[in-house]
Structures are given as C-alpha cells and as structure tokens.
Amino acid sequence: MKRAVRATLGVSLLAAASVCGSCGGGSGPTAPSLTSPVPGPAGGVCGVIGGANQVSLGIVNGTVCSSANTPVVLLNLRDKDGGPSGACSGTIIAPRAVLTAAHCLVGDTAAVRVYRGSGDQVAAASFHANPRYRANDSSSLDVGVIVTEQDLDRPIVPLLVSRDAQVGEQAVIAGWGKDESGIGTTLRAGTTSILVVGAVFLQTRHTTGTSGVCSGDSGGPLLLSEGGVWAVAGVTSATDTGAFCTEGANYFANVRNPDITAFILGLVPNASRR
C-alpha cells in the first residue's frame, strides 16, 4: 500500500484486524497509560532521531523534528515510467543500506530515491522485499532493504537483536507520514508503548495520550532503548486506526524474528547491532 490515498500502511487497513492474530493472540495485556515523554537525549524525542524538536504536534500526536542529520529518511517511489507511485519512510542501518517495509517495494515500485532531509536524493542500486511477504497475510514478514549507490552520510541506527521487546516498554516511532491534520512529507517522532509482543509483529495502540502512525510512515522505525542506545525493534507495517488515523492499533514487523533478522543481515552484513 504505497499510494497516499491508500494509507501507505502495509498489510492493509482492511486486513489489519486479522494481523492481531499474529501479534500474540487473545486480547493481550492493556497498554499502560503514557503520562510523560520517553526519556531520551536533552533535545527531547526528536533527539532520538538526530534532530531538535521544532513544533508541537506530529506523526499523529507527536513532534515535528529537524531533518538535517537524521537516519530516518523519506523514500520516494517510482513506477516503470518514472512517475511517482507513493512514498514511505525508512531507517539507515549501514552506510549504504536503508531498512523499510516490504510492501513499499512490491507492486508497481520500479525505482526508489532516498531523501535524507536535505541535499540531493540518492538512487537505490537495488531493493529487496522479504520473499515471505504476502499482502493481506497475517503471518507475512513485512520488511525490505534498500541498497544505495553511494554512502548516505547520515547517522546509523543499530538493529535490536539481543533481546525481545517488553510489554509496557516505552518506544519512539518516527516517519515522514501524515499528522492528525493530514499534512505529510515532514519528519515527525512520537512516543508510545508496547502492547503485545508477537513472533511476527509488535503491537502498540494509538490513543489521545500516545502517538500513532499514518499514511507515509510505512517502513519507519519503532525504536527501543538498549544500554542507553536507541535501536530499531520494529518496522511500521499496518494500522487499524482508519483512514484518518484516529485511535486504534498499530503493527510493526518484529526485527527480532529470526527469519527477519537473517533476511536483513544476509543483505547488510555490516548492519550495526545491539
């Protein structure tokens, strides 16, 4: 799901409810109430992704961040004729590698350009959707990797592979998608907490007190702190919050899944890890 009018959120909004079955089963524990921002660098939540806070409000219920030196990039997708086919978000995990969602790289996507927040776009030399990705499949591995033709010259975010996410753990989400006013193509970050830890997906819930993802945030990171370092634990995949990204569940491909980890490291053996 790449086109803006189709919400750019992977396993698809219609199928998101079925994704719940792969996120731990049952109703799951209740997400704890978030009463304060996720602890992070002095710059606030945007400091986690390499920029200062600029404006209150954001991702949906988040903050607009400076994009001058961020590892969270905008992916401009092109079809075989060179025309735009949508936009997604991604995270730089090695000098020439970006982690994103598989659904951003299939269908009519024939080329990808990486926008780093400033300067020229960088063309992808190749891009790879996980071969186990299937649209509308609740067990699908919705991760993809983009390899660029040149160094991206931005900070690198490690993969969180040393431990599982924990229910109730606070997280940072980021992306270039729409906010609660429907405004997109601006880097935003927000805070949430882990509701369910499943073998394939991590699940959070967007409420009035936490942030959520929306169109264009697909492929962006869910970040957890490990040893004082923020690392990618999940990749934005789907939401059941509806077309206007109101309250509801958000789903992130679980980087800790062994098949997902093997896929990423098979393409990017020099990816940083925690």
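Colleague: How many helices and strands are in the chain?
Modeller: This is a predicted model. Both kinds of element occur in the chain. The count is 2 helices and 14 strands.

Colleague: What share of the residues counts as buried?
Modeller: The cut-off for buried is under 20% relative accessible area. The chain has 274 residues. The share that counts as buried is 55%.

Colleague: Among contacts between residues at least 6 apart in sequence, what share joins residues at least 24 apart?
Modeller: A contact here needs heavy atoms within 4.5 Å. Take the pairs at least 6 apart in sequence. The share joining residues at least 24 apart is 68%.

Colleague: How many bridges join β12 to β13?
Modeller: Strand β13 covers residues 229-239 and runs antiparallel to β12. The two form a hairpin with 2 residues between them. The number of bridges joining them is 6.

Colleague: Which residue in the turn of that hairpin has a positive phi?
Modeller: The turn lies between β12 and β13. Its positive phi is about 60°. The residue is G227.

Colleague: Which residue in β13 is the bridge partner of L222?
Modeller: β12 spans residues 221-226 and also pairs with β9, residues 170-175, in the antiparallel sense over 2 bridges. On the β13 side, the partner of L222 is G234.

Colleague: What is the pairing of the bonded cysteines in sequence order?
Modeller: The structure holds 3 disulfides. Number the bonded cysteines along the chain. The pairing is then 1-2, 3-4, 5-6.

Colleague: Is the link of C46 and C65 left-handed or right-handed?
Modeller: The sulfur atoms of C46 and C65 are 1.9 Å apart, and the two form a disulfide. C46 sits in the loop between α1 and β1, and C65 in strand β2, 19 residues apart. Both C46 and C65 are buried. The angle about the S-S bond is -75°, and the link is left-handed.

Colleague: What is the torsion about the S-S bond of C88 and C104?
Modeller: A disulfide joins C88 to C104, S to S 2.1 Å. This pair links distant parts of the chain: C88 in strand β4, C104 in the loop between β5 and β6, 16 residues apart. The disulfide is left-handed because of its torsion, about -90°.

Colleague: Why does C88 count as buried?
Modeller: Buried means under 20% relative accessible area. C104 is buried, with a relative accessible area of 0%. C88 counts as buried because its relative accessibility is 0%.

Colleague: Why is the disulfide of C214 and C245 right-handed?
Modeller: C214 and C245 form a disulfide with sulfur atoms 1.9 Å apart. The disulfide is right-handed because the torsion about its S-S bond is about 80°.

Colleague: Where are C214 and C245 in the chain?
Modeller: Both C214 and C245 are buried. The pair links distant parts of the chain, 31 residues apart. C214 is in the loop between β11 and β12, and C245 is in the loop between β13 and β14.

Definitions and conventions
Residues are numbered from 1 along each chain as its sequence is written. This is a predicted model: local features need pLDDT of at least 70, side-chain atom pairs count only at pLDDT 80 or more; totals for chains, interfaces and linings use all residues. Side-chain values use heavy atoms; hydrogens and water are left out. Two strands pair if DSSP finds at least two bridges between them. Helices (H or I, at least four residues) and strands (E, at least two) are DSSP runs, numbered from the N terminus. Buried means under 20% relative accessible area, exposed over 50%, partly exposed in between (1.4 Å probe, protein chains only). A disulfide is a pair of cysteine sulfur atoms within 2.5 Å.
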